[in-house]
Amino acid sequence: MALRLHLGGRAGIALLHDTIMAAVSFPLALYLRLGALAFPWQTAPYLWQGTAIFTAIAVAVFVASGFYRGVWRYASLRDMLEIGRAVLITLLLFIPVLFLFNRLEGLPRSTLVINGFLLLFLLGTPRFAYRIWKDGGLDHLLERNHGGRASVLLIGAGDAAELFLRDMARGTTAPYRVVGLLDPSGRRAGRRIQGIPVWGGLAEAGPVIDRLIARGEPLQRLILTDESLDGAAIAQLLDLAQGKGLTLARLPRLTELKPGMEAERYAVRAIALEDLLGRPRRVLDRTPVERLVAGRRLLVTGAGGSIGAELCRQIAALAPARLTLLDHSEALLHAIATELAAHHPGLPIETQLCDLRERGRLERAVGSAAPEIVFHAAALKHVPVCERHPDEAVLTNVLGTRHLAAAATKAGAAAMVVISTDKAVEPESILGATKKLAESYCQALDRSAGPGATRFVAVRFGNVLGSSGSVVPLFQKQIAEGGPVTVTDPAMTRFFMTTEEAVELVLQASAPALAGPARGKVLVLEMGRPVRILDLARQMIRLSGRRPDHDIAIAITGLRPGEKLAEALFAPGENPAPTAVAGVLQAEPRAASLPELEAGIERLAAAARDGRIGLLIETLTALVPEYRPQGAYASHKLPGQAAS
């Protein structure tokens, strides 16, 4: 059964190729030794008999050795050694068998030596020619494995796995000894890479580990080399590894490596939360992003926050002419400015300590920076805080955005990109309603802008892992303290994305959106499947090395004011459509009148400044018809306070 499985697909083609080469090698060796005398029937009665016997023995040896299952794309010195061993065994078996048939009469003994070298050439040359063609060079053909200390099983049988094997072969003190691979696609099951067997697909992981352990293999770790695995598959592997007493690690993603970090390409890393919850990482086209940033003056608000800081890091790596950091927090502003100065010493960096609510100060700060593009990441974004202080949320998220838009326009900025949230979709919280109003205002500005005027675009996405206000830091603190971990509702779900990927997509999406003719659109990042918060809590407990409900308790606390069980990325009627950027969709929300929004925001800001919360809620509901106030705001009242 095993043999039949291994003869399918490319392995079967490889065996057919090797069979033909064996059949050709014997008569060709005779010709090289005897010339034309080798082929007339009367002078070479052993020709056809010898060819048939040699081919049959060679095929039997090839099948037994299994070298034909090696992947030609990754042919190496180890493959050549296996081919040489198979050729030698074939010759050692062929001589006595042919002796039984014709006592080797009339066969020059040197023919056997010629045949051996010839077959080695015929089997090896196509493999290495294919490898050279794929690699575009000879650099990797003479590498061999020197062994190592820890026995590992690789999850993945593609380029990254082969590069890992190659890296382990370069040093005499390689830290790992690879005992096999698993191919998630299953296409290379039963084959070999660098002489290492591909034992099967992910479904065979458990039995493969059991077989390796049963035969005395000191297996210690599973290493992920395939970046395409989704979070569910990684979670299953983590379960399996823990159940078998192994650890699960992964290679760094290419997106995690910064310039000068090439030496860390094969330094394995622990599985992190984003690996379990994330989607396969998209390969982004950085060319339009570089055109957007390189040589331009940019300004980032909320530069010290989680999204703003990552925006600054990625922008700084793309060589802008000048980067201005704006934040109202002295500590956060100093931290990100110091970090960027250390990593990009030649980059002109300016800092502006400024509150978006102070229009005059903001206009001076933006005017002195003279940005060509503004990224607006500053906001109040904690749902409970905004519910308790709706006036503060309005003044920052709505009025601050309006002030910044006016300052950017006055300074002659080409574009302003506003970071929005999925909580703006059919909002039930103050946070969601204020962010929805900021979206609508920027849409209206973009629709009314004439040729050459400042463009406005909003980018909407869900929760960012580990960001300020995310549930992840809270869970980490609770786990460190021994629990319990608090979950509001067992059915609650949220969209999650890593900070790095969110910012990459924001930058990638902004370039064509700002240059395109379509106006008043909202860009929405594809967030994959929503994640149950209860599952998130359990995964984080397991990643800490403890067991949920045993070592760390999970407590259900109930929904807080303004919270929804599930968020959405699109509202009904927004007509999502694809864009030129993979992973980014375009929504067309309800259009609002700019003059009406201007007048409404004036009334809203006045109510917020005066602390007239009832009027604030009424005005906000009128400006954002989708908003459904919850809790005390459902009747436009706060506890102990009459509606104004």
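How many bridges join strand β13 to β18, and do the two run parallel or antiparallel? Strand β13 (residues 455-461) runs parallel to β18, and 3 bridges join them.

## Basis of the model

This is a predicted model, in which local features need pLDDT of at least 70, side-chain atom pairs count only at pLDDT 80 or more, and totals for chains, interfaces and linings use all residues. Residues are numbered from 1 along each chain as its sequence is written, and side-chain values use heavy atoms, with hydrogens and water left out.

## Strand β18 and its partners

Helices (H or I, at least four residues) and strands (E, at least two) are DSSP runs numbered from the N terminus; two strands pair if DSSP finds at least two bridges between them. Besides the parallel pairing with β13, β18 pairs with β22 in the antiparallel sense over 4 bridges. Val-522 in β18 stands opposite Ala-458 and also opposite Ala-587 in β22.

In a regular strand the side chains alternate between the two faces of the sheet. From β18 (residues 522-525), Val-522 and Val-524 point one way, while Leu-523 and Leu-525 point the other. All of these are buried (under 20% relative accessible area; exposed is over 50%, partly exposed in between; 1.4 Å probe, protein chains only).

## Nonpolar cores

A nonpolar core is a set of buried Ala, Val, Leu, Ile, Met, Phe, Trp, Tyr and Cys residues joined through side-chain atoms within 4.5 Å. The largest one has 97 residues, and those touching the most other members include Leu-525, Phe-461 and Ile-315. Its largest share, 9 residues, comes from α15. Another core, of 23 residues, lies apart from it and has Met-21 and Phe-94 among its members.

Leaving aside residues up to four places away in sequence, Ile-315 touches Val-293, Leu-298, Val-300, Pro-320, Leu-323, Phe-375 and Leu-507 (contact: heavy atoms within 4.5 Å).

## Salt bridges

The whole structure holds 19 salt bridges (a side-chain nitrogen of Lys or Arg within 4 Å of a carboxyl oxygen of Asp or Glu). In one of them, Glu-363 meets Lys-410 at 3.2 Å, N to O. Glu-363 lies in helix α13 (residues 359-369) and Lys-410 in helix α15 (residues 390-410), so the pair ties together parts 47 residues apart in sequence. Lys-410 is exposed, at 64% relative accessibility.

Arg-590 and Glu-626 form another salt bridge, at 3.3 Å, N to O. Arg-590 is partly exposed at 35% relative accessibility, and Glu-626 is partly exposed at 22%. A network of salt bridges links Glu-310, Arg-313 and Glu-339.
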